[in-house]
Amino acid sequence: MNFFKNNKKGDDEMKKIILVGLVSLLSTVTMAFDVVSGCEESDYVDGDIKSSIVTQGLSYTPKCLRIVVGSEVTIAASGHHPLAPLVSDENNPIEESSESVTVTFDEVGVFGYKCVNHEAAGMVGAIMVVAE
């Protein structure tokens, strides 16, 4: 049974309901996508204009770092803990390296990174870059 048959007002109401549902679904997907390397919003620690991420055992410290655009972060890496971006993304300024690197973050976003040798053990992290 079609309650909206030949009813312009009913068609408009149905379109609104569908649109609200789609917006709600997209919001949920976006929120889930923002969790990078297991870092929830409350997990991020505030960094300075120059920050460092070190390796401790099979983890990075801090794992989840929040900085402002233009900040530099030195990320520890070595032959035992080679660094790489979490996913291949041309916007991620973190590059593969077997030596410590200093990266300047010029764009807002969340950038994941990993230890190539120990990703399966959970050696991953994320840097959230926010506007000033």
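This is a predicted model: local features need pLDDT of at least 70, side-chain atom pairs count only at pLDDT 80 or more; totals for chains, interfaces and linings use all residues.
The largest nonpolar core has 18 residues. Within this core, the residues with the most contacts are Ile-75, Phe-105 and Ile-127. Several strands supply two or more residues each: strand 4 (64–68), strand 5 (72–75), strand 7 (101–104), strand 8 (109–115) and strand 9 (124–130). Strand 8 gives the largest share, three residues.

Leaving aside residues up to four places away in sequence, Ile-75 touches Ile-53, Tyr-60, Leu-83, Ile-94, Ser-100, Val-101 and Ile-127. One of these partners, Ile-127, is also listed with Ile-75 among the core residues with the most contacts.

Strand 2 covers residues 50–56. Four bridges join strand 2 to strand 5, and the two run parallel. Strand 2 is also joined to strand 3 (residues 59–61), here by three bridges. This second pairing is antiparallel. In it, Gln-56 stands opposite Ser-59 of strand 3. Strands 2 and 3 form a hairpin, with two residues between them. Gly-57 lies in the turn and has a positive phi of about 65°.

Methods. Residues are numbered from 1 along each chain as its sequence is written. Side-chain values use heavy atoms; hydrogens and water are left out. A nonpolar core is a set of buried Ala, Val, Leu, Ile, Met, Phe, Trp, Tyr and Cys residues joined through side-chain atoms within 4.5 Å. Buried means under 20% relative accessible area, exposed over 50%, partly exposed in between (1.4 Å probe, protein chains only). Contact means heavy atoms within 4.5 Å. Two strands pair if DSSP finds at least two bridges between them.
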